[in-house]
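Look at the model below with its sequence beside it.

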Amino acid sequence: MPPLPAEMELARSAAADAQYQALRSRVAQLRPAEDLTALDNAYALAKQRHGTQTRKTGELYITHPVAVAGILVGQQMDMICLVSALLHDVLEDTATKPEEIRAQFGDEVLRCVEGVTKIGKIHLYSREDRQAESVRKMLLAMVSDIRVIIVKFADRLHNIRSLDIFDEEKRKRIAQETLEVYCPIAHRLGMGKIRAELEDQAFMHLEPEAFAEIRDKVQSSRNASEEFLHQIKAQVEEKLAAEGVPARVEARLKRPYSVWVKMKQQRIGIEQVYDLLALRIITDSVKNCYAALGVMHAEWSPIFGRIKDFIAIPRPNLYQSLHTSVMVPGGQMFEVQIRTEEMHRIAEEGIAAHWKYKEGKRGQAPEDQRIAWLRQLVEWQREVRDPADFMSTMKMDLQQQEDVFVFTPQGRVIMLPHEGTPIDFAYAIHSDVGNTCVGCRVNGRIVQLRHQLQNGDVVEILTQASHTPSKDWLAFVKTSRARSRIKHHISEAERAKAIEIGEKYLETEARRLGVALSRVTKARTEEVIRDYGLAKIEDLHAQLGYGRFSPREVIKRLAPDQVPPEGETERPPAGKPEFRDGREPVITVSGSADVLTFRANCCDPVWGEPIVGYVTRGRGVAVHATSCKNVQNLMFEAERKIDVKWGRSSKEAYPIKVQIHAGDRPGMLAQFTSILAAENSNIQKLEAHTNHKNLEEGAIIDMTIEIRDKKHLDKILAALRRVSGVRDVNRIH
């Protein structure tokens, strides 16, 4: 006989209480002198407010905050973090007011809970905008208290461990956000352990087939790999002991996500990933780190270009270690990391480790430089009003590898991203230096402004007072500071030009229609401006200058009684809009009727793909895929961005370019063509070649195929990736 609902409720409540008691016991063991009253009160409040809310697993919802707190107990975080973890969803999912949390638990807990709480649905229209504003809010809260992101990491970690309970669309959305936002932040904060699990979990849901293939191949050679590592580990311990270097040695296999990234970056098969194996040597001092490195190089041949000293020059997240790769007799290569115990603690836990030792202390600590990049990011993004622009710029900044150190002629060290340019360097010095930059000397030699700077370069910027930034710079700058300052300057100049053009358009059209704008009252003008959702007359002139509104349409609203009868009939637009065949348009423009639209050549969006419109001058609305790399450079002018959406499904087939990297073997092309035939896709063009100078690169196949919509494209790409020997498949814009 199945249990009655009341009995089920009691059983679930008892299970939640047991889970909390286990958590409480762990906290009591770790903090025997701590008063746990706040923890008990937080659990009681959270359980009472979440009430009968359940997770998709059938458990009471309160089990999730308890599990999040459990993750933080494992990291030995302070009581503020633990209490915040138990309460982190009460503002978002219950009727609890911020004042209640402040009164019972204090300002610090409230700050953490509010920082983790997502923006509510009533504030913004789209899910993407809500996500962007939630991330912006979280980053702002992190600046004042880094524990906000520590609690959020634990929340995300528990959620991603149980993603199987959600549908595929939600799984992939959460996994993608994790990989693009949370993993890079964890990396910047030095939290290697959290980052590693988040990456592998997200990878498993985003690329399940690739994850399974890598996992199976690593597992199939696990016994041999572990035996090899065991032997090498014993030899290393013996050699270090003989040289009097105290150390413990750990062996590990490369993580699935790390393997996949290397395969993608180098376009190689897993059999060509030679550093699947790694040793970590942990010793007692910096001196012995270098001594251990000498022992390794004396015993085995180091691989050229694979030696990195992050002790002398730490990474921005304070990560320190010596890296090298060596080759043993027989051709087996493995990686070695050498660090002290303190460096190891920082590498694993990052800024979370710092908080264990900061309880009760105030003021700036050396470790706080780890979030200096965050303060800069927040400062640079204050001018970015558009949520989508904020997210794209932030992701670009987070994903950069900051590993280039260059010098001013005076010897000041400037840290730039990998592939940073003189323009990035100039803006790192000062906005005025960047705005007036006209040239650059690197190591005494004149170079182009798109030149990629290298470690140790001495950089001198040449300026000219009358010079202004070029829009072309946006195509190659790497830092968000440079990008935001260039955009701001160009946007101001473009807006001033648009206002002037728009005002002339309005006056010219008024004269043509015989309308006296001077007779239009101020009240009527302000009413029309408000009807357009604008604030002042300059905004209306700017929209006219950008071509978003018709001058005749504006005049008809300003002075309907002055427009002659023959002017009331709108002429049809010049040129036939694309995506139309006499029925409902395939693409519709928000707030405008009968507007000419065209697919941007740079990205060729297909039906069903997320899209955004960009108002061009005289050519209508260019429709881009939101993933298009040019969107980042175009959409900084908020006035020219316009919402567009797919209407009815089109029967049109879209030509899409696809590039395949694969091993060179007979019969592969036949497999590709049979897949495309089975999916009813036509091949318009196909080119294949191999690099005979470097056979490891395999074959490169470029195809132009016909696609009906986004789902059709995704299905074909997934099928191509499953072909044996395929290393990478990409859509080419």
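Asp-200 counts as buried because its relative accessibility is 16%; buried means under 20% relative accessible area, exposed over 50%, and partly exposed in between, with a 1.4 Å probe and protein chains only. This is a predicted model, in which local features need pLDDT of at least 70 and side-chain atom pairs count only at pLDDT 80 or more, while totals for chains, interfaces and linings use all residues. Residues are numbered from 1 along each chain as its sequence is written, and side-chain values use heavy atoms, leaving out hydrogens and water.

Asp-200 sits in helix H11; helices (H or I, at least four residues) and strands (E, at least two) are DSSP runs, numbered from the N terminus. Leaving aside residues up to four places away in sequence, Asp-200 touches Phe-211, Arg-255, Pro-256 and Tyr-257, where contact means heavy atoms within 4.5 Å.

How is helix packing described? Two packed helices are described by the angle between their axes and the distance between the axes. For helix H10 (residues 168-188) and helix H11 (residues 192-206), the angle is about 155° and the axes are 9 Å apart. Axes are lines fitted to C-alpha atoms, for helices over the stretch in contact, and angles run from 0 to 180 degrees between N-to-C directions. H10 is therefore roughly antiparallel to H11 (under 35 degrees counts as roughly parallel, over 145 as roughly antiparallel, 65 to 115 as roughly perpendicular and the rest as oblique). Among the residues that meet are Leu-179 and Tyr-182 in H10, and Leu-198 and Ala-202 in H11.

Next come the aromatic rings. Rings of Phe, Tyr and Trp (its six-membered ring) pair if their centres lie within 6.5 Å; planes under 30 degrees apart count as stacked, over 60 as edge-to-face and the rest as tilted. By this rule there are 10 aromatic pairs. Trp-300 and Phe-334 form an edge-to-face pair, 5.8 Å centre to centre with 75° between the planes. Trp-300 lies in the loop between helix H15 (286-299) and strand E3 (301-302), and Phe-334 in strand E6 (residues 333-340), so the pair ties together parts 34 residues apart in sequence. Trp-300 is buried at 6% relative accessibility, and Phe-334 is buried at 0%. Elsewhere, ring pairs link Phe-203, Phe-211, Tyr-257 and Trp-260 into a cluster.

The last stop is helix H24 (residues 537-546), which is largely enclosed by the rest of the structure because eight of its 10 residues are buried. Its cover includes helix H22 (480-513) and strand E14 (611-615).
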